[in-house]
Amino acid sequence: FLIIILFNFAQYAFSDVEKYKNLDKLEFDIYRNDNLIGYHNFDFIRDNGNLMVKSKINFEIKKLGILLYSYNVIGTEYYADNKFVKFESKTQQNKKNKFCNIILQDNEYFINGSSYKGTPPNSFMLGTWWNHEITKRKSQISAISGRIIEQKVNFLYEDKIQFKKQDFIALHYKFLSTDSKLSKNKRLNTDVWYDKDTLIWIKASFNKQGKWEYRLRNMLISEK
């Protein structure tokens, strides 16, 4: 019984962040219907074997100069010895506030979010997309509200994506919700690309009241 518990805990506790040990920064431009509307940036900060990933999302949708929609997120992930230990985020969606806090305590995770409070399922991953490990998990936790999203991930094919005049061979995945009862606006239906060699996230796209794209603008990899 004890072995089973430890095995289940290990499934999601270890997030394999070691393969990103030289990654310092990711910066994405956010496009809606081919119009630049904002950004999503990550900073990777290391200290004595610990990793802190700070992320910021900001975008606005305007029509004829009138602000129709605004979205701002600040989040921080914490890892110790290659293990996910904590997350906290605050989101302002127009005038609505959302939040997600996840903590590891006594070898058990607990989610305190604006949409869900409780323990997560086994084999989960935080839905911040930068870690390729998310393609191997059966569920992801919304980094905005703590909502549990059961998912199926299909590898489609390899694509060629250009970044700063350099061609990357990218692994193209399709993420889909497995819960058919979800309303259409809450269903996961997202295409995500990771560089084949480094497994760094380089692109994402989905359709929701328009065509959305995350296009990599800049990445910083240190030589350590």
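Strands β14 and β15 form a hairpin with three residues between them, and Q209 in the turn has a positive phi of about 55 degrees. Here helices (H or I, at least four residues) and strands (E, at least two) are DSSP runs, numbered from the N terminus, and two strands pair if DSSP finds at least two bridges between them. This is a predicted model, in which local features need pLDDT of at least 70, side-chain atom pairs count only at pLDDT 80 or more, and totals for chains, interfaces and linings use all residues. Residues are numbered from 1 along each chain as its sequence is written, and side-chain values use heavy atoms, with hydrogens and water left out.

- Strand β14 covers residues 201–207 and runs antiparallel to β15, with five bridges joining the two.
- N207 stands opposite K211 in β15.

**Strand β1 and its two partners**
- Eight of the ten residues of β1 (residues 23–32) are buried, leaving the strand mostly covered. Buried means under 20% relative accessible area, exposed over 50%, and partly exposed in between (1.4 Å probe, protein chains only).
- On one side of the pairing list is β15 (residues 211–221), which is antiparallel to β1 over nine bridges.
- Within that pairing, Y31 has E213 as its bridge partner, and R32 stands opposite W212.
- Strand β2 (residues 35–47) also pairs with β1 in the antiparallel sense, over eight bridges.

**A closer look at K211**
- K211 is found in strand β15 and counts as partly exposed because its relative accessibility is 43%.
- Although K211 and R32 are 179 residues apart along the chain, their C-alpha atoms are separated by 5.5 Å.
- Leaving aside residues up to four places away in sequence, K211 touches Y31, R32, N33 and F206. Contact means heavy atoms within 4.5 Å.

**Positive phi in two loops**
- As background, most residues other than glycine have a negative phi.
- N48 is not a glycine, yet has a positive phi of about 50 degrees. N48 sits in the loop between β2 and β3 (50–63) and counts as exposed, because its relative accessibility is 74%.
- L64, likewise a residue other than glycine, has a positive phi near 55 degrees. L64 lies in the loop between β3 and β4 (66–80) and, at 83% relative accessibility, counts as exposed.

**The chain as a whole**
- The secondary structure comes to one helix and 15 strands.
- With 224 residues, a compact globule would have a radius of gyration near 17 Å, and the chain agrees at 17 Å. This radius is taken over C-alpha atoms, and the globule rule is 2.2 Å times the number of residues to the power 0.38.
- The C-alpha trace spans about 60 × 40 × 35 Å along its principal axes.
- Of the 224 residues, 44% count as buried.
- Among contacts with a separation of 6 or more, 45% come from residues 24 or more positions apart.
- Carbon and sulfur atoms hold 50% of the accessible surface, which comes to about 12800 Å² (Shrake-Rupley method, 1.4 Å probe).
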